[in-house]
Amino acid sequence: MNLALAPWVILLAPLLAAIVILFVGPFSKPLSAGIAILSAAVGAVLSWMLFAHSGDVVVPAMSWIDFGPEFAIRIGLTIDHLSKVMLVIVTTIATIVFTYSIGYMKHETGYSRYFAGLSLFLFSMLGIVLADNFVMMFIFWELVGVSSYILIGHYFEKNSAAEAAKQAFTVNRIGDFGFMIGILMLWFAFGTFTFSELLAKAGAGAAFPVWTTVACIFVFCGTIGKSAQIPLHVWLPNSMEGPTPVSSLLHAATMVAAGVYMLARIFPLLQTVPIALDVIAWVGGITCFVAGLMAIQQDDIKRILAYSTISQLGYMVLAIGVAPSSEVAMFHLFNHACFKCMLFLCAGSVILGMHHEQDIWKMGALKNKMPITFLTCAVGVAALCGVPGFSGFFSKDLIIAFAAEKSMPLFWLATLGAVLTAFYMFRSFFVTFFGPPRSEAARHAGESPLVMTIPLIILAIPSAIAGYGFFAGHFFQVPHPHEETLLTKFGPLGAVVVGVVAAFLLYFRAEKDPLRIPFFANRLYIDALYAAIVRYGQDRFGNVLAWSDRWVIGGVVALSAWAANFAGGCLRLLQLGNLQAYAFFFGAGVVGLLYLLLK
Amino acid sequence: MMPTLAHYLAVSGLLFSIGIAGVLLRRNIIVIFMCLELMLNASNLSLVAFSRFGLLNDGLPNYNGQVFVFFIVTVAAAEVAVGLAIIVALFRARQTTHVEDLDGMKY
């Protein structure tokens with residue numbers, strides 16, 4: 001089996017599936033689902049085969065744009081340890097989510113369009129994972145944004161969904177603007193786009209540290225947009241307008257992790273510029289804390305999970321900033337992908353059981369009516385909060401320990417974030433599954449079909465055991481911090497206990513929310529701030545541009561028109577209509593010519 | 001005293017000047033036309049003078065000038081025919097021979 005072809009098959013199979021579904025979809029719904037799942041499954045099988053084959057696979061690259069050695073962009077795929085792990089994560093979770101979607105989207109409109117969009121997304125995501133140079137990664141980065149737009153706007157007749165899709169794409173673009181500047185700055189300094197060459201020249205970056213630092217911070221802007229860090233986090237909660245499997249695949253496990261993956265890719269370069277790593281660490285730390293604050297007062301089950309995702313992405317970005325190896329962040333990415341995806345699928349199961357009701361204060365007492373969902377959700381919540389024994393415990397506590405090593409304020413931010421995580425996750429868990437049924441739909445809820453619950457069970461297994469050495473050792477070589485004080489060892493554990501106890505006291509068997517903090521419920525008014533900036537700033541800016549267009553640019557045009565008119569007016573004075581005047585000019589011309597000739 | 005070439009050329013020049021002054025200054029279209037003919041004949045005169053006085057080596061005059069005059073006279077005749085036809089047509093349209101009244105092409 002020629003493994004050099006496998007990456008191309010993995011990459012192109014979903015694209016082919018998307019194209020075929022476009023033609024076949026209107027005729028047969030099961031066929032569209034089958035084609036999509038087949039492409040993802042093929043990718044998964046090949047990814048596991050590539051993973052089992054140790055050592056890098058060299059894939060011949062194709063030259064695309066070639067203006068000489070200074071500016072050459074090629075289409076190449078890179079298979080090294082990092083991309084193999086990410087391939088396994090992306091394709092396996094994609095296969096599971098595609099299968100789950102059969103059950104979830106059974107009675108929805110746009111079934112084939114949905115699977116075509118998912119296949120396009122899978123193709124784009126695999127492109128990011130496999131890309132071997134910045135420009136190719138940027139192209140697929142944008143493609144992922146487009147697929148996200150298509151999928152968030154799946155119910156496009158709903159105004160909120162269309163607006164959310166637009167917002168997601170626009171906010172992403174803002175980050176990508178910085179990303180592009182960063183890529184170009186790095187090219188300017190190192191003369192190459194390819195990752196392998198950039199990292200080989202990373203040592204030379206010491207020659208111009210300021211330039212490289214600024215370039216890396218700009219590249220990080222791409223991550224701020226794609227991985228929803230503060231201040232560009234506003235699109236992720238609104239992206240919950242899309243169908244729940246989309247939320248689980250894109251906005252929990254894979255697409256938002258692309259930002260972290262990109263940073264892991266260029267990690268050796270980042271290590272040469274410690275200031276950039278500091279910026280990254282602080283943005284991550286602030287994000288994980290502030291997102292937690294926003295989450296504790298949300299009432300929509302998917303929005304709680306969305307803010308949780310932002311917070312966990314903050315942990316991953318923090319890990320890039322504080323740990324000596326990118327493996328720590330990737331470890332948390334792996335765990336997070338498994339349990340967050342599963343949590344979203346559980347939420348989808350609950351939503352379906354509640355006939356599309358998403359407000360947790362209308363749920364309750366679902367523990368006996370939806371047992372499989374309840375148990376898998378329990379595993380997921382425990383993993384997310386970092387309860388000892390589950391996967392999240394290993395990666396999250398590792399990040400917090402490294403943060404303590406670097407700077408204590410970061411440690412406190414991360415630990416308080418852990419307190420808040422435990423608090424709001426158990427709040428959501430207790431209100432949804434325990435307590436009295438708070439509405440008719442809750443009284444009549446039932447378990448979801450097997451095609452939805454089996455993926456939940458499948459994902460529960462890595463959520464539980466992925467942290468342990470015997471499993472994780474195959475994927476990651478994770479460093480451990482040098483010194484661990486009592487605080488760093490037991491602080492996170494204490495944080496979990498504090499959060500769970502507080503949530504238990506307040507929310508177990510609660511009828512309605514005892515806490516009412518409008519500042520957090522309104523997301524710190526950041527969304528309102530952005531809306532105001534757009535409304536007022538954009539209007540004012542538009543007025544200035546309109547004036548400039550009318551008077552400055554229009555003035556130049558009007559000036560040239562007036563000049564032509566004036567010249568015409570002058571020339572028209574020669575039309576005298578007088579025969580003898582014409583004869584005079586004629587004669588004068590002849591005389592002049594003769595003079596010139598005979599001079 | 002025998003008239004020399006200079007005398008003939010002076011007369012020719014004078015005639016040409018009178019002709020051109022008439023073309024530019026007279027108001028009646030037919031008088032303008034006559035002055036045009038005058039200019040042509042002035043050049044005829046100078047051509048004949050050059051022919052008569054520009055003797056070749058064997059003492060005979062250079063007859064090229066006089067042959068040229070033939071051509072000019074023919075052309076003048078044809079031109080008068082056409083020109084008078086135009087003037088008659090113009091008179092029928094405008095009922096005037098006053099050249100200042102022909103200002104249709106004025107801005």
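Biologist: What share of the 599 residues in chain A is buried?
Modeller: Buried residues come to 52% of chain A. Keep in mind that this is a predicted model.

Biologist: OK. How many helices and strands does chain A have?
Modeller: Chain A has 25 helices and two strands.

Biologist: And what does the C-alpha trace span along its principal axes?
Modeller: For chain A, about 115 × 55 × 55 Å.

Biologist: Let's go inside. Which residues touch the most other members of the largest nonpolar core?
Modeller: That core holds 201 residues, and the ones touching the most other members are A:Val260, A:Leu318, A:Ala319, A:Cys341, A:Ala414 and A:Ala422.

Biologist: Which helix gives the most to this core?
Modeller: Helix α15 of chain A, residues 327-353, puts in 19 residues.

Biologist: Pick A:Ala319. What is A:Ala319 in contact with, leaving aside its neighbours within four places in sequence?
Modeller: A:Ala319 contacts A:Val328, A:Ala329 and A:His332, plus A:Ile399 and A:Phe402.

Biologist: How far does α8(A) reach from its first C-alpha to its last?
Modeller: Helix α8(A), residues 209-226, reaches 26 Å, close to the 26 Å expected at 1.5 Å a residue. After α8(A) comes A:Ala228, with a positive phi near 50°.

Biologist: Now the strands. In which sense do β1(A) and β2(A) pair?
Modeller: They pair antiparallel, over four bridges. A:Ile65 has A:Ile73 in β2(A) as its bridge partner.

Biologist: What sits between β1(A) and β2(A)?
Modeller: The two strands form a hairpin with five residues between them, and A:Gly68 in the turn has a positive phi of about 100°.

Biologist: And how many residues of β1(A) are buried?
Modeller: Zero of the five, so to speak: strand β1(A), residues 62-66, is hardly covered.

Biologist: Last topic, chain B. How many residues of chain A are in contact with it?
Modeller: Eleven residues of chain A, meeting ten residues of chain B. Helix α25 of chain A, residues 579-598, supplies the largest share of the chain A side, five residues.

Biologist: What's the make-up of that side by class?
Modeller: On the side of chain A that touches chain B there are five nonpolar residues, five polar and one charged.

Key: Residues are numbered from 1 along each chain as its sequence is written. Chains are lettered from A and ligands numbered from 1 in the order in which they are written. This is a predicted model: local features need pLDDT of at least 70, side-chain atom pairs count only at pLDDT 80 or more; totals for chains, interfaces and linings use all residues. A residue is buried if 20 or more other C-beta atoms lie within 10 Å of its own, exposed if 12 or fewer, and partly exposed in between; C-beta atoms are placed from the backbone. Two strands pair if DSSP finds at least two bridges between them. The expected span of a helix is 1.5 Å times one less than its number of residues. Two residues are in contact if their C-beta atoms, placed from the backbone, lie within 7 Å. Ala, Val, Leu, Ile, Met, Phe, Trp, Tyr, Cys and Pro count as nonpolar, Asp, Glu, Lys and Arg as charged, and the others, Gly among them, as polar. A nonpolar core is a set of buried Ala, Val, Leu, Ile, Met, Phe, Trp, Tyr and Cys residues joined through C-beta atoms within 7 Å.
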